[in-house]
Amino acid sequence: MNSSRRRFLRSLATGAAAATLVGCDRLSQNNTVDSLLRQTEKLTRGAQRSLQGRQALATEFTEADLSPVFRANGTQMPDSDEYAHLLERNFIDWRLQVGGLVQRPQSLSLADLKRFPSRTQITRHDCVEGWSAIGKWQGVPLALVLHVAGLKPGARYVIFHCADELEQTLDGSGRYYESIDLVDAYHPQTILAYGMNGKDLPVAHGAPLRLRVERQLGYKHAKYLMRIEVTDSYGALFGGKGGYWEDRGYEWYAGI
Amino acid sequence: MISIHRHSLTVRLTHWLNVICLTVLLLSGLQIFNAHPRLYWGKYGADADHAFLVIDSKPDGDALQGYLQIGRLRLVTTGVLGVSSEDGSAAARAFPTWLTLPSYRDLGTGRRWHFSFAWLLVVNGLIYLIHGFLRGHFRRDLLPSGEQLAPRHLWREVIDHARLRFSHGKEARRYNALQKLSYLVVVFGLLPMMILTGLTMSPGIDAALPFLPDLFGGRPSARSLHFITALLLVAFVLVHVLMVIASGLWNNLRSMITGRYSITDDGTEP
């Protein structure tokens, strides 16, 4: 084969590959295709929920299985004067606000939360990126806090408002938040954790309080909790998709 | 020369749907892999833990050097793995743009493609399996006969394959033993392995079916097996396509499209 013919064939192959790439990218950006692909989330959620039921527990491990180093991800130190002030005083002034569709709005200090019966669990944290780490978490079951506050009729979701801005913005739209439905909110392993690996929750892992929702991926486990809001929908908040990462393209149901 | 009916409509449809599914799953899978291009063995695995396979980059003077590390072996792979061209300039990324879906970095979109076509693969696979068992496709066409499994015969086939000599006449009416065995390995080994290790990476599924991570030695192990099994499937497809070309591209393609396959009726060269 002479060299010009070889060059021609090579450029033909490169051209075909490039055209396929562009085609796939166009498909990915096409709204119809995207919304079709997004339907899969409902299928997956339906299948997983019917397979696991309400009570199936995530596997709990032993002390021997703990990750030697638990990778801290996302924000590792919230960048605000308010948080710096709370941290400086060791979260004495911190209060968890519980409001929205509840009978009795609450304002709970760390000491208040520690007076609830606590649950300790050694579980595997699965990041959407693909890594896993095993840690020991201690906290109050969310169900107990919701019970004290009392849900009003129409309550369907629990929103978690956080202290950290993962994306620095002027209008606050980069603030971290998350939402779960009542199936996960009342799951026995869904806890508001103030302890990790036998110590107070470190700042890098969300001090003073973070969510653990063990049957879903890491980005659902909101850190630096400030306020819990019970709502009938999450559509009016921020980007409308129910969470910081959901607004940036990840699924609301993060069971896979 | 006579023409026989080789592939049923169900086999032909599920075959081509499978081609589409596996292509999308491979490319979107590499997009997902790129988010954390390290493989571990065990119950946990993150940056501080030992990874037996790493694709990464490091500074090399003013430029970036891409490398693939397997155990202690390190291969410089700049241009393909670790560092490759993105919008015309060298960028740190495990697999290059032409092997990921979408080509640019977008984990969320990659995951949507992956899970959508994973569902399609499962449904397609179930249709194929039900058809294969009910219509006797597996028993009749894929189960090797005793005489085909004799070591002497198998060795003969290995040599024939290596010389690219393929059967004719009566022998060409059925799959040879190597074909049957490799199809059985893919259908009942590699593809179920892909689906099970894939499901094991789901925290939701693990809560419902906790024996799955135990079966594979943990979620990070299942993730590694998912990747290795995908490579085995790629290897199968490469050999499969080579054999299709070598043993008569047009005849094979036609048989998988229309069902008709022509053979010489007397065992002589066509």
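The model is predicted.

**Chain A**

Chain A has 256 residues, of which 40% are buried. Its secondary structure consists of six helices and 10 strands. Taken along the principal axes, the box filled by the C-alpha atoms of chain A is roughly 80 × 40 × 40 Å. Of the contacts in chain A between residues at least 6 apart in sequence, 69% join residues at least 24 apart.

**Contact between chains A and B**

Chain A contributes 39 residues to the contact, and chain B contributes 35 residues. On the side of chain A that touches chain B, at least two residues come from each of α1 (3–29), α2 (31–52), β3 and β4. The most is given by α2(A), with eight residues. By class, this side of chain A holds 19 nonpolar, 12 polar and eight charged residues.

**Helix α8 of chain B**

Helix α8 of chain B spans residues 219–246, which is 28 residues. From its first C-alpha to its last, the helix reaches 40 Å, close to the 40 Å expected at 1.5 Å a residue. Which residues of α8(B) are buried? They are R219(B), P220(B), S221(B), A222(B), R223(B), S224(B), L225(B), H226(B), T229(B) and A230(B).

The cover over these buried residues draws on both chains: it includes β3 (119–126) and β4 (132–141) of chain A, and α1 (9–34), β2 (38–39), α5 (177–200) and α7 (211–216) of chain B. The strands β3 and β4 of chain A also each supply at least two residues to the side of chain A that touches chain B. Just after α8(B), G248(B) has a positive phi of about 110°.

**Domains of chain B**

The domain assignment divides chain B into domain 1 (2–37 + 100–263) and domain 2 (47–94). Their C-alpha centres lie 30 Å apart. Contact between them involves four residues of domain 1 of chain B and five residues of domain 2 of chain B. The side of domain 1 that touches domain 2 has two nonpolar, one polar and one charged residues.

The table sets out the class make-up of the two contact sides described above.

| Domain 1 of chain B, touching domain 2 of chain B | two residues | one residue | one residue |

Conventions
Residues numbered from 1 in each chain as written. Chains lettered and ligands numbered in written order. Predicted model: local features only at pLDDT ≥ 70, side-chain atom pairs only at ≥ 80, totals over all residues. Helix = DSSP H or I, 4+ residues; strand = E, 2+ residues; numbered from the N terminus. Buried ≥ 20, exposed ≤ 12 C-beta atoms within 10 Å, placed from the backbone. Contact = placed C-beta atoms within 7 Å. Expected span 1.5 Å × (residues − 1). Nonpolar A, V, L, I, M, F, W, Y, C, P; charged D, E, K, R; others polar. Domains from an automatic or database assignment.
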